[in-house]
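Open your viewer and get ready to click through a few selections. Each stop tells you what to pick and what to look for there.

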Amino acid sequence: QVQLTESGGGLVQAGGSLRLSCAASGRTFSSYIMGWFRQAPGKEREFVAAISASGSSNAYADSGKGRFTISRDNAKNTVYLQMNSLKPEDTAVYYCAANGHGSSSGRYDYWGQGTQVTVSS
């Protein structure tokens with residue numbers, strides 16, 4: 001069992017930056033593909049980014065390419081999402097997910113409780 005705890009969300013003006021963190025419990029973190037997803041009010045949960053177990057490869061949704069960077073520190077059991085040039089349409093609850101594959105939320109086994117990101121115009 002893995003427990004995930006997100007932090008770093010908040011209110012930011014358009015054009016600003018936030019860095020989300022997701023701390024994981026357990027000894028198997030370094031073997032998991034990790035992902036970030038988000039869900040805006042009235043919309044389905046959508047893929048944001050994912051990173052391989054070693055951190056050597058990653059993938060991004062088109063909406064975040066060039067603005068978002070996913071990274072991880074396996075020594076700290078933590079995955080990060082650096083978000084720059086934020087837009088109002090980035091407003092959502094952001095979720096960390098573990099032990100998954102690809103961009104489908106259904107393929108991830110463990111989820112955090114989410115952290116709210118609000119971007120004002």
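The tour below goes from a disulfide to a core and then to a group of charged residues.

**Before you start**

This is a predicted model, in which local features need pLDDT of at least 70, side-chain atom pairs count only at pLDDT 80 or more, and totals for chains, interfaces and linings use all residues. Residues are numbered from 1 along each chain as its sequence is written, and side-chain values use heavy atoms, with hydrogens and water left out.

**Stop 1: the disulfide**

Select Cys22 and Cys96, which are joined by a disulfide with an S to S distance of 2.1 Å (the term stands for a pair of cysteine sulfur atoms within 2.5 Å). Searching the whole structure turns up one disulfide. Where does each partner sit? Cys22 is in strand S3 (residues 18–24) and Cys96 in strand S9 (residues 92–98), so distant parts of the chain, 74 residues apart, get linked. Strands here are DSSP runs (E, at least two residues), numbered from the N terminus. Look along the S-S bond: its torsion is about -75°, so this disulfide is left-handed. Both cysteines are buried, where buried means under 20% relative accessible area, exposed over 50% and partly exposed in between (1.4 Å probe, protein chains only).

**Stop 2: Tyr94**

Stay in strand S9 and pick Tyr94. Is Tyr94 buried or exposed? Its relative accessible area is 0%, so Tyr94 is buried. Leaving aside residues up to four places away in sequence, Tyr94 touches a list of neighbours, including Glu6, Leu20, Trp36, Phe68, Leu81 and Val117; touching is a contact, with heavy atoms within 4.5 Å.

Now show the polar contacts of Tyr94. These are pairs of N or O atoms within 3.5 Å; within protein, one must be able to donate a hydrogen and the other to accept it, and residues adjacent in sequence count only if both atoms are side-chain atoms. One, at 2.9 Å, runs between the side chains of Tyr94 and Arg38. Also, a polar atom of the Tyr94 side chain lies 2.6 Å from the backbone oxygen of Asp90. Keep Arg38 and Asp90 in mind for the last stop.

**Stop 3: the core around it**

Tyr94 is among the residues with the most contacts inside the largest nonpolar core, along with Leu4, Met34, Trp36, Val79, Leu81 and Met83; this core has 29 residues. Elements giving two or more residues to this core include S3, strand S4 (34–39), strand S8 (78–83) and S9. Such a core is a set of buried Ala, Val, Leu, Ile, Met, Phe, Trp, Tyr and Cys residues joined through side-chain atoms within 4.5 Å. A second, separate core has six residues, among them Phe47, Ala50, Ala97 and Tyr108.

**Stop 4: the charged network**

Finish by selecting Arg38, Glu46, Arg67 and Asp90, which are linked in a network of salt bridges (a side-chain nitrogen of Lys or Arg within 4 Å of a carboxyl oxygen of Asp or Glu). Start at Arg38, which counts as buried at 6% relative accessibility. Arg38 bridges to Glu46, with the closest N and O atoms 2.6 Å apart, and Glu46 is partly exposed at 36%. Arg38 also bridges to Asp90, at 2.9 Å. Arg38 lies in strand S4 and Asp90 in the loop between S8 and S9, so this pair ties together parts 52 residues apart in sequence. Asp90 counts as buried at 1%, and its side chain meets that of Arg67 in a salt bridge (2.7 Å, N to O).

Conventions
Helix = DSSP H or I, 4+ residues; strand = E, 2+ residues; numbered from the N terminus.
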